[in-house]
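Q: Can you walk me through this model, one feature at a time? I would like the general idea and then the case at hand.

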Amino acid sequence: MAYATDNPLRKIAEGGINSVWLYVDGDAISTIVGSGYFNSDYQNLKENDVILVVGAAGGTETVDLCVVSSASGATTVTTANGT
């Protein structure tokens with residue numbers, strides 16, 4: 001699957017140069033951290049923002065931490081899984 005703006009990222013904190021986002025979805029974390037997953041929301045993300053990902057891929061509840069490693073222009077948003 002892919003990120004859709006009808007299930008948006010939610011900003012839960014902002015401080016200094018970084019924001020913390022919450023994303024709840026059933027996609028596997030390997031899909032979510034794939035380059036370009038959050039492209040349709042690139043205008044809200046900055047490099048070093050943190051995304052808490054809550055999911056149930058495969059029926060098991062998970063919480064993962066991702067860091068936005070690049071969010072330049074309309075190109076590609078890339079993340080790195082911090083878990």
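The dialogue below takes up the sheet, the core, the aromatic pairs and the salt bridges.

Q: What should I know before reading the values?
A: This is a predicted model, where local features need pLDDT of at least 70, side-chain atom pairs count only at pLDDT 80 or more, and totals for chains, interfaces and linings use all residues. Residues are numbered from 1 along each chain as its sequence is written, and side-chain values use heavy atoms, with hydrogens and water left out.

Q: How many strands does the open sheet have, and in which order?
A: Start with the terms. Helices (H or I, at least four residues) and strands (E, at least two) are DSSP runs, numbered from the N terminus. Two strands pair if DSSP finds at least two bridges between them. Here five strands make an open sheet in the order 1-2-3-4-5, with mixed pairing. Strand 1 (10–15) and strand 5 (77–81) are the edges, each pairing on one side only.

Q: Which strands run parallel, and which antiparallel?
A: Strand 2 and strand 3 run parallel, joined by six bridges. Val20 stands opposite Val50 in strand 3. Strand 3 pairs with strand 4 in the antiparallel sense, over six bridges. There, Ile51 faces Cys66 in strand 4. Strand 4 and strand 5 are also antiparallel, with five bridges. Ala71 stands opposite Val77 in that pairing.

Q: Which residues of strand 3 are on the covered face?
A: In a regular strand the side chains alternate between the two faces of the sheet. In strand 3, Ile51, Val53 and Gly55 make the covered face. Val50, Leu52 and Val54 make the uncovered one.

Q: Which members of the largest nonpolar core touch the most others?
A: A nonpolar core is a set of buried Ala, Val, Leu, Ile, Met, Phe, Trp, Tyr and Cys residues joined through side-chain atoms within 4.5 Å. Buried means under 20% relative accessible area, exposed over 50%, partly exposed in between (1.4 Å probe, protein chains only). The largest core here has 14 residues, and Leu9, Tyr23, Phe38, Leu45 and Ile51 touch the most other members. Strand 2 (18–25), strand 3 (50–55) and strand 4 (62–71) each give two or more residues to this core. Strand 4 gives the largest share, three residues.

Q: How many aromatic pairs are there?
A: Rings of Phe, Tyr and Trp (its six-membered ring) pair if their centres lie within 6.5 Å; planes under 30 degrees apart count as stacked, over 60 as edge-to-face and the rest as tilted. The count is six. In one of them, Tyr3 and Tyr23 have ring centres 5.4 Å apart and planes at 55°, so the pair is tilted. Tyr3 lies in the segment before strand 1 and Tyr23 in strand 2, so this pair ties together parts 20 residues apart in sequence. Tyr3 is buried at 7%, and Tyr23 is buried at 0%. Tyr3, Tyr23, Tyr37 and Phe38 form one aromatic cluster.

Q: Which residues form the salt bridges?
A: A salt bridge is a side-chain nitrogen of Lys or Arg within 4 Å of a carboxyl oxygen of Asp or Glu. The count is two. Lys11 meets Glu14 at 3.3 Å, N to O. Lys11 is partly exposed at 42%, and Glu14 is exposed at 58%. Lys46 bridges to Asp49, with the closest N and O atoms 3.6 Å apart. Lys46 is partly exposed at 33%, whereas Asp49 is buried at 0%.
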